[in-house]
Amino acid sequence: MNAVLAVSALGKSFEESGPAFGDLDMTVRAGDLVVVTGRRESGKTSVVRCLSGTYVPSSGNIILTVGGHRSDLATAPPRTLAWIRRHHLAAFDGPLVAPPSQAVGAAVARAAQVRPEDALLAMDRLGVRQFADVALGRLRPAQRHSVALAAALASRAAVILLDEPESVADPDLLGSWLDERRADGASIVIAARPGSTSHEYATTVIQLSEGQQT
């Protein structure tokens, strides 16, 4: 099911470090790939984490429209947000979260809500299929990030949110995979460093400098 993500005046501040970013506006329609770019500490990772629900925004709105239903992810109650994340969002913004004793293949399938064989195909594309029967807790941090990306890209979610996916995936492989998801109607947002190859296949590039959209 296709989705539209409309973000207006979005901002995030932390008590310890102050504003991460502010006054961000973007619209992501079905088939769009929006790249949010900037140097280190520009706020791009915080943008993705606000969109995914990992962070609670300090200001602004994130309106998700799916199948005619509108929800504001910035103000949605926790249970509503959890349901939306489960059914409409796929995010790569950290290592895969699952019980440490769970086999990696099963954890990827559960996170992506796909058949076990589809999870294995996604893991194979990223070169981590050999970990399918390994307990998740036995993976190194980099390996947990790789299987988390496999889960995000294997998902059939309407919205895909990725934080620097090129850190764990070959850029050409990533580009072809994202082209497939865009052809399926997914709305995609990527946080990327300047010079990332993701700029080449973006429909829109948003530049952040010291937390401000330029």
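## Elements at the second largest pocket

β2 (18–28) and α1 (44–52) each supply at least two residues of the lining of the second largest pocket. Helices (H or I, at least four residues) and strands (E, at least two) are DSSP runs numbered from the N terminus. With 4 residues, α1 gives the most to this lining.

## Basis of the model

The model is predicted: local features need pLDDT of at least 70, side-chain atom pairs count only at pLDDT 80 or more, and totals for chains, interfaces and linings use all residues. Residues are numbered from 1 along each chain as its sequence is written, and side-chain values use heavy atoms, with hydrogens and water left out.

A pocket is an open set of points on a 1 Å grid over the protein atoms alone, where a 1.4 Å probe fits, with protein on both sides within 12 Å along at least five of seven lines; lining residues have an atom within 4 Å of a point. Grid points are joined across faces, edges and corners, and a volume is the space filled by probe spheres set on the points.

Lining this pocket are 20 residues, of which R40, E41, S42, G43 and T45 are the closest to its centre. By class, the lining has 4 nonpolar, 8 polar and 8 charged residues (nonpolar: Ala, Val, Leu, Ile, Met, Phe, Trp, Tyr, Cys and Pro; charged: Asp, Glu, Lys and Arg; polar: the others, Gly among them).

## The largest pocket

About 710 Å³ of space lies in the largest pocket. Its lining has 30 residues, and R85, R86, A91, L96 and A111 lie nearest its centre. Two or more lining residues come from each of α2 (78–88), β6 (89–92), α3 (104–112) and α5 (141–154). The largest share, 5 residues, comes from α2.

The lining of the largest pocket is made up of 17 nonpolar, 8 polar and 5 charged residues.
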